[in-house]
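Colleague: I'm new to reading structures. Could you walk me through some features of this one?

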Amino acid sequence: MTHKFFRPIIFPGVAIFTATFTLIAFGMPARAADSAPPTRFWTELADPAHVVKAQSMPDFVDLAAKLSPAVVNISTDEPGESAEGGDPSSEESPHGPLMPPHSHPFEEFGGSPHSTKALGSGFIITKDGYILTNQHVVENPGRVTVTTQDGHNYAAKIVGHDEKSDIALLKIDAKHDLAVAPLGNSDDLKVGEWVMAIGNPFGFDHSVTAGIVSAKGRFIPGSYEDFIQTDASINPGNSGGPLIDLRGDVVGVNCAIYTHTGASMGIGFAVPIELVKEELPQLKSSGKVVRGWLGVYIQKVTPELAESLGLADSRGALVAKVLDGGPAKVAGVKRGDVIVAFDNQPVSDSRELPLLIGRTDLGHKGTLKVIRDKQAIDLPVTITQSREPEIVAAEKPEKPDLGAVSPFGLHVKDLSPDLAKELGLDAPGGVVISSVQPGSRADEAGLRARDVILEVNRAAIKNVGSYQDALKTSAKGKIVLLLVRRGDATIYVTVKPEA
C-alpha cells in the first residue's frame with residue numbers, strides 16, 4: 001500500500017538500475033614526450049571548434065535558498081474528521097499510512113516523529129497566495145492546511161482542480177507578500193539538462209534533490225499529458241512540488257514515480273509547466289478545465305494492425321468508433337480511419353491526439369488528415385466541448401459468460417434480439433463471444449467473454465455461419481483483423497494465426 005498523496009506507477013518484478021551522477025571531462029590522456037601526436041591531429045585539437053571544455057558540477061546552493069521559501073507543505077484531513085482531539089500520529093488515511101507498509105525506518109527509534117496524517121507539496125505562484133499542487137494531493141479533503149517554510153500555517157481554499165492533468169490551484173490569505181516560484185518554459189527543456197526538485201518526501205520538509213531531464217514526451221497509461229521524466233529523487237510527499245531548471249524557473253509539477261517498491265528508483269515524472277499555464281485561467285475563473293473533443297474512440301496502431309489495414313507504418317490513431325453528435329461524425333470521420341495529423345501537426349502515436357485536441361480552443365475550425373482505404377483524405381472539423389463525463393457515466397458494467405472452446409480459443413454464438421438489447425445494441429448483428437480459453441491466441445489478443453464480433457477482415461458478420469465463412473476465406477498464416485463491440489465502444493483486435 002502506498003502513500004495517499006503520491007502517484008506511484010508500480011511495475012512488479014521490473015529491475016531498474018539507477019546511478020549517481022558522474023562527471024566526465026573530455027580530454028586527452030597524458031602522453032610521453034617521445035610519443036607526440038602528428039602535427040595535423042594536434043592542430044585540430046587546438047582549434048577552438050574542436051575543443052570540448054570540461055564543466056564543473058552546477059551549484060544548487062543559491063538556487064535552493066532562493067526557491068525553498070516558495071515551496072509549501074500541504075496536509076489534509078479526511079471529511080468528517082475533527083481538527084482537534086485524538087492522536088493524529090496514530091491515524092491513517094484510508095489509502096495507506098505515511099510510510100509504505102514494507103518500510104518502517106523509524107520503528108527502531110520508537111515510531112515516526114511526524115504527526116501529520118496526510119502530506120504533499122506545493123509552491124506559491126503569486127504574492128497574494130495562489131498555490132499549485134497535484135489534484136490527488138487535495139482529493140476529497142475535509143480541510144487543507146498549508147505550511148510555509150517559516151512555520152506559519154494557513155487554511156487553504158481549493159480554487160480549482162483538474163483530474164486529467166492532476167493539477168489543483170489553492171489560495172491562502174496571508175497578511176504580507178509571499179515568496180514566489182517563477183514559472184518557466186518547459187518547451188525549452190533539453191534532455192540531459194540539470195533540474196532540481198524541492199518537496200516534503202515522507203514528511204521531511206523542504207528536501208532538495210537534483211538530477212537531469214531523462215526524457216520528454218513520456219506517456220503514462222490513463223493520463224492526459226505527456227510528462228517530463230527525471231532522475232531527480234522523488235518520493236511520497238514530493239507530489240505537487242516544483243521541478244526547477246538552473247535559471248531558477250519552475251518547469252514542471254512533480255507527480256509520480258516508476259517503481260515496484262513504493263519508493264524512488266530514479267525514474268520520476270512531472271507535469272510540464274506549459275500545460276499547467278494553459279489551464280490556470282480556467283482553474284482560477286471557473287474551478288475546472290473545459291477541453292475540446294472529437295467524439296471518437298481511438299486505439300494504437302500496432303504493427304499487426306498496420307499490416308492488416310495495408311498501412312505503410314504504424315503511426316497515427318485508429319478510429320474504433322465514431323460517436324453520434326460529435327465533431328468527428330459531422331466531419332465525416334468513419335470507423336477504420338487512421339488519423340495521422342491535425343492542423344498539419346503529425347500524430348505519430350495515438351496518445352498524442354487527445355492532447356492536441358484537448359489543448360485546442362472551442363470553436364476552432366481545423367483539419368484532420370486521415371488514411372482511408374490506403375488514401376489520404378483531409379476533413380474539415382470544428383472542435384466542440386467534451387462530452388466524455390456523460391459517456392463514462394452512462395457506461396454499464398460487463399457480466400461474464402462461460403461456454404465451450406473453438407478456433408483461436410473462442411466460442412461464439414448468435415446474437416439474439418434479447419441478448420443484443422441486454423448488451424445495449426441497437427439491433428442484432430455479429431456474434432457474441434461466450435468464452436475465451438486462457439493462454440489461447442484470443443486471450444493473448446485481449447478478447448473477452450461478451451465481446452461482440454462485428455467484422456472479420458473488414459467483412460460484416462451477421463451470424464455464426466458468416467463468421468465461420470469469413471475465417472475460412474482468411475489467408476492461411478495471415479493475421480485476422482476483428483472489429484469488436486465492447487460495452488459502448490468498438491475496437492479493432494488482431495489475432496495471430498495458430499502456430
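This is a predicted model: local features need pLDDT of at least 70, side-chain atom pairs count only at pLDDT 80 or more; totals for chains, interfaces and linings use all residues.

Colleague: What should the 14 residues of helix α3 span at 1.5 Å a residue, and how far apart are its end C-alpha atoms?

Modeller: Helix α3 covers residues 273–286, so it should span 20 Å, and its end C-alpha atoms are 20 Å apart, which agrees. Just after α3 comes G287, with a positive phi of about 80 degrees.

Colleague: Which residues of α3 are buried?

Modeller: They are I273, E274, L275, V276, E279, L280 and L283. So the residue at the bend, E279, is on the buried list too, because buried means under 20% relative accessible area.

Colleague: Now the strands. In what order do the six strands close into a barrel?

Modeller: The order is β2-β3-β4-β7-β6-β5, with antiparallel pairing. The twist averages 40 degrees from one strand to the next. Take β4 and β7: they pair over four bridges, and Y130 has K171 in β7 as its bridge partner. The charged end of K171 also sits over the ring of Y130, 5.5 Å from its centre.

Colleague: And how many aromatic pairs are there?

Modeller: Two. F60 and W194 are edge-to-face, 6.0 Å centre to centre with 65 degrees between the planes. F60 is in the loop between α1 and α2 and W194 is in strand β8, so the pair ties together parts 134 residues apart in sequence. Both F60 and W194 are buried. F227 and F269 form an edge-to-face pair as well, at 6.1 Å and 70 degrees.

How values were computed. Residues are numbered from 1 along each chain as its sequence is written. Side-chain values use heavy atoms; hydrogens and water are left out. Helices (H or I, at least four residues) and strands (E, at least two) are DSSP runs, numbered from the N terminus. The expected span of a helix is 1.5 Å times one less than its number of residues. The bend at a residue is the angle between axes fitted to the seven residues ending there and the seven starting there. Buried means under 20% relative accessible area, exposed over 50%, partly exposed in between (1.4 Å probe, protein chains only). Two strands pair if DSSP finds at least two bridges between them. Axes are lines fitted to C-alpha atoms, for helices over the stretch in contact, and angles run from 0 to 180 degrees between N-to-C directions. Rings of Phe, Tyr and Trp (its six-membered ring) pair if their centres lie within 6.5 Å; planes under 30 degrees apart count as stacked, over 60 as edge-to-face and the rest as tilted. A charge sits over a ring if NZ of Lys or CZ of Arg is within 6 Å of the ring centre and within 35 degrees of the ring normal.
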